[in-house]
Each structure stands twice: as structure tokens, then as C-alpha cells.
Amino acid sequence: MPRTALPETAEEAVPPRRSWRPMLWVLLGAVIAVVAVVAVDRLGADSGSEQAAPSTTAPTSTTLAPPVGEKVHRIIQPSLVLVQASTPDGSTSLGSGVIVNREGQVMTADHVVAGSTEIRVTFADGTESAAQVASSEPDRDTAVLQPEQAPSVIVPAVIGGGVKVGDDTYSVGNPLGLVDSLTAGVVSALDRSIDREDGSGPLDGLIQFDAAVNPGSSGGPLLNRSGQVVGIVTALANPSGQRFFVGIGFAVPITGGGGGGGRVPQS
């Protein structure tokens, strides 16, 4: 039999086998490259959107403005005065007042001190002093007191301008002996007239307001939203004959040098 020729080497007889490892590394590298490109694109897109989108969060503040009433009270408090007037029958009339100039003079209601035998004033810092009536306008129910001893620091109140119906208003005084009390309301009417309790004639041109006032409030300041004095509390309406607040008070409009209201002495 003829003999079949054998291959000289095994490599010639068996087809060469290709290695799979290089192909695997190439494929893996391609996948990693694609993933990296996608990640970069996503990162760039996200960054761009963050920069382009404006913030919709409103700025916040941890500091709130104080209520108007608190501000008004803080402004007027150093100028407030407690007025006590002894009468010939031995009783004491209690009222309020306010420092109106650098001399430490105190403006109050005339009916609080009229006919008194002794007047004493107590300032916001606790200073107590005897006082005398320096001037008075009975027809306007206002009086100015000159204390014998002023407080070490004199803080005159700021005098304001006119008011309008509907304006916010504040009364500060010593109603029923409750010192340094603030009440709030609005101006209810202007140019009101009322009859005096002593029958001495009417009081004209008054500011009507609805902030609560009671005995002891007379002579205290009526204030606007800026803490400026616009009037001196003079009376409260008492149709029942009882001396307590029923929703209507009256104040003499205050002026710096004359006109229809109480006149503030200049220092």
C-alpha cells in the first residue's frame, strides 16, 4: 500500500488557532471609552443646567421688624411722667404728662392740676420732684409744669404734625394707676366739641380716637405711628355717668407755637 505522507510538522497539519485574549481586551477598551464619553457628556450637561437655572429660593431674614406699638412705646417711654396733685380736701388727682423741652418741663391736662395744693411728678428713670404750674390754658385744658428737679437725662418728646381720620394712634399714660400703659386705636373724628364736667364751657377742636383711656390717662400723650406727640389726652366719653372707657376718647391737638391746640413751650 502506498503510504500517506505525513506532515513534516504538526503546525502544518493543524490549522493555526487564533488567540481570543487580544480581541477581548480590545472590546473591553472600547466599552470603557464609550462609558467615559457618556459620563463626561452627562457631567457637562448637569453642570450647564445648574449654572443656567436661576435660584428660585427667596432670600430670608432672621431679623423681623418690631411691631409698631413696641417701637412707639420705646420712643416715648423716656419722656413719660406720672403726675399726682393734692387737692384742698385731701384727695389726690392722678394723671399723666410728657416732657416737651430741654428744660424738663412737663405738659399735662389742666384739669389734673387746677386748684391743687401740691404737685409731684415722677419721671421714667424714677426721679421724683415737686412741681409748679408754669403756664396753663384752661380753655384748651392744657398746662405746663416746671419740676424743681429734672431727671439726670432729659429726653423731650418729638412733636408731630396733624392727623387724619383713620390714622393709627397710640395713647400712653397711667390709667387707673397702671403706670406706663400703652393702648392702640385709630383717629375716629376731628374737630369734636364736648362739654366739661365742671360746667365751665365746651372744649372745641378735639381729636376723637378709640384707643382705650381711663381716669389717670388725662394729660398723657396721644401719638402717631412715628412716636410723635399729636395731642394731649383730655377726656373720655361717659354717657352713663360712669368714669370708665366706653370706646371714645378725646385729645387736644398739640402745636409747636400756637394755633388751635395746646402750645408747646420752647426752650
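Predicted model: local features only at pLDDT ≥ 70, side-chain atom pairs only at ≥ 80, totals over all residues.
Local features need pLDDT of at least 70 and side-chain atom pairs count only at pLDDT 80 or more, while totals for chains, interfaces and linings use all residues. Residues are numbered from 1 along each chain as its sequence is written, and side-chain values use heavy atoms, with hydrogens and water left out.

Helix H3 covers residues 68-76; helices (H or I, at least four residues) and strands (E, at least two) are DSSP runs numbered from the N terminus. Its buried residues are Gly-69, Val-72 and Ile-76, where buried means under 20% relative accessible area, exposed over 50% and partly exposed in between (1.4 Å probe, protein chains only). These residues lie on the same side of H3 because they cover an arc of only 60 degrees around the axis, taken from the directions from the helix axis to the C-beta atoms. An α-helix has 3.6 residues a turn, so residues three or four places apart point the same way. The buried residues of H3 pack against S1, S2, S7, strand S8 (181-195), strand S10 (221-223) and strand S11 (229-236), with contact meaning heavy atoms within 4.5 Å.

Glu-197 lies in the loop between S8 and strand S9 (202-209). Glu-197 counts as exposed because its relative accessibility is 65%. Its C-alpha atom is separated by 9.4 Å from that of Ala-235, 38 residues apart along the chain.

The second largest pocket is lined by 16 residues, and Leu-80, Leu-82, Asn-174, Val-179 and Asp-180 lie nearest its centre. A pocket is an open set of points on a 1 Å grid over the protein atoms alone, where a 1.4 Å probe fits, with protein on both sides within 12 Å along at least five of seven lines; lining residues have an atom within 4 Å of a point. S1 gives the most to this lining, with three residues.
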